[in-house]
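Let's take a friendly walk through this model, looking at its charges and its helices. Keep the structure open as you read.

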Amino acid sequence: MENDELAQVWKSQKQLPRLESPDQIIARAKKHRRGQLISIAVMSLTVLILLSYTLYFALGSWNDFTLGLVLMIASLIFRIVLEFAYLFQVSDKMVSLDNKSYREYLKRHYKFRLRINYLVTPICFTVYVIGFIKLLPFFKQEFSSGFYTYIVVSGFASFAILIGIIAYSILKEIKFLKKLNGNPN
């Protein structure tokens with residue numbers, strides 16, 4: 001009878017997930033790195049477009065239009081630098097740590113990343129949106145009402161989609177952190 005009770009207690013204990021094999025960790029890291037590189041590429045392309053636009057139209061004059069462009073560019077450059085820092089920090093750690101140590105490192109890394117996502121990302125996003133809003137009066141003056149409406153609708157639709165992508169990424173990171181902590185839900 002005691003063996004049955006012991007077996008039930010043993011089965012009811014929370015099962016910790018086994019440590020991933022080095023190949024699984026490397027595959028996960030490569031997938032994460034690819035996602036970061038895509039994000040960096042998209043943000044860099046946006047910065048290049050905004051810089052080109054700034055150099056062509058706003059060079060030599062300082063007004064709300066230029067301020068809006070500078071806010072948008074600065075928020076993106078800050079985020080690109082932050083992503084590069086994460087990218088190289090994780091890859092350096094992956095090579096130098098054993099499986100268990102790397103797992104502990106990933107826990108700390110993703111906890112810190114969540115803090116960044118809850119603080120820095122909203123600030124960067126808000127600065128970017130403020131920059132875009134500063135451009136709108138100039139767009140309204142320079143473009144037809146139909147094209148201006150298109151810019152406003154597509155701009156805010158893009159922001160809504162971007163918020164969805166950011167939220168999805170944060171939820172994926174939270175789920176991964178829970179998995180690392182032994183909570184599969």
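## A few words first

Helices here are DSSP runs of H or I with at least four residues, and they are numbered from the N terminus. Please keep in mind that this is a predicted model.

## A positive patch on the surface

Let's begin on the outside. Lys30, Lys31, Arg34 and Lys172 come together as a patch of positive charge on the surface. Which helix gives the patch its largest share? That is helix α2 (residues 22-58), which supplies three residues.

Lys30 lies in helix α2, and its relative accessibility is 52%. Because exposed means over 50% relative accessible area, Lys30 counts as exposed.

## Helix α5

Now turn to helix α5, which covers residues 145-180 and has 36 residues. From the first C-alpha to the last, helix α5 reaches 52 Å, close to the 52 Å expected at 1.5 Å a residue.

Several residues of α5 are buried, among them Tyr148, Ile151, Gly155, Phe159 and Ile170. Further along α5, the buried residues include Glu173, Phe176, Leu177 and Leu180. After α5 comes Gly182, which has a positive phi, near 90°.

How many salt bridges does the model have? The count comes to four. One of them pairs Glu83 with Arg79, with their closest N and O atoms 2.9 Å apart. These two residues are four residues apart in helix α3 (residues 64-96), so about one helical turn separates Glu83 from Arg79. As a general point, an α-helix has 3.6 residues a turn, so residues three or four places apart point the same way.

Are Glu83 and Arg79 buried or exposed? Glu83 is buried, with a relative accessible area of 3%, and Arg79 is buried too, at 12%.

## From pairs to a network

Arg113 and Glu83 are both buried.

Arg113 also forms a salt bridge with Glu173, where the closest N and O atoms are 2.8 Å apart. Here the link runs between Glu173 in helix α5 and Arg113 in helix α4, 60 residues apart. Glu173 is buried, as is Arg113. Through shared partners, salt bridges join Arg79, Glu83, Arg113 and Glu173 into one network.

Technical notes:
Residues are numbered from 1 along each chain as its sequence is written. This is a predicted model: local features need pLDDT of at least 70, side-chain atom pairs count only at pLDDT 80 or more; totals for chains, interfaces and linings use all residues. Side-chain values use heavy atoms; hydrogens and water are left out. Patches are made of residues with over 30% relative accessible area and no salt bridge: like charges are joined within 9 Å, nonpolar side chains (Val, Leu, Ile, Met, Phe, Trp, Tyr) within 5 Å. Accessible areas come from the Shrake-Rupley method with a 1.4 Å probe; for residues, only the protein chains shown count as cover. A salt bridge is a side-chain nitrogen of Lys or Arg within 4 Å of a carboxyl oxygen of Asp or Glu. Lys and Arg count as positive and Asp and Glu as negative; His and the chain ends are not counted. The place of a charge is taken as NZ of Lys, CZ of Arg, CG of Asp or CD of Glu. Buried means under 20% relative accessible area, exposed over 50%, partly exposed in between (1.4 Å probe, protein chains only). The expected span of a helix is 1.5 Å times one less than its number of residues.
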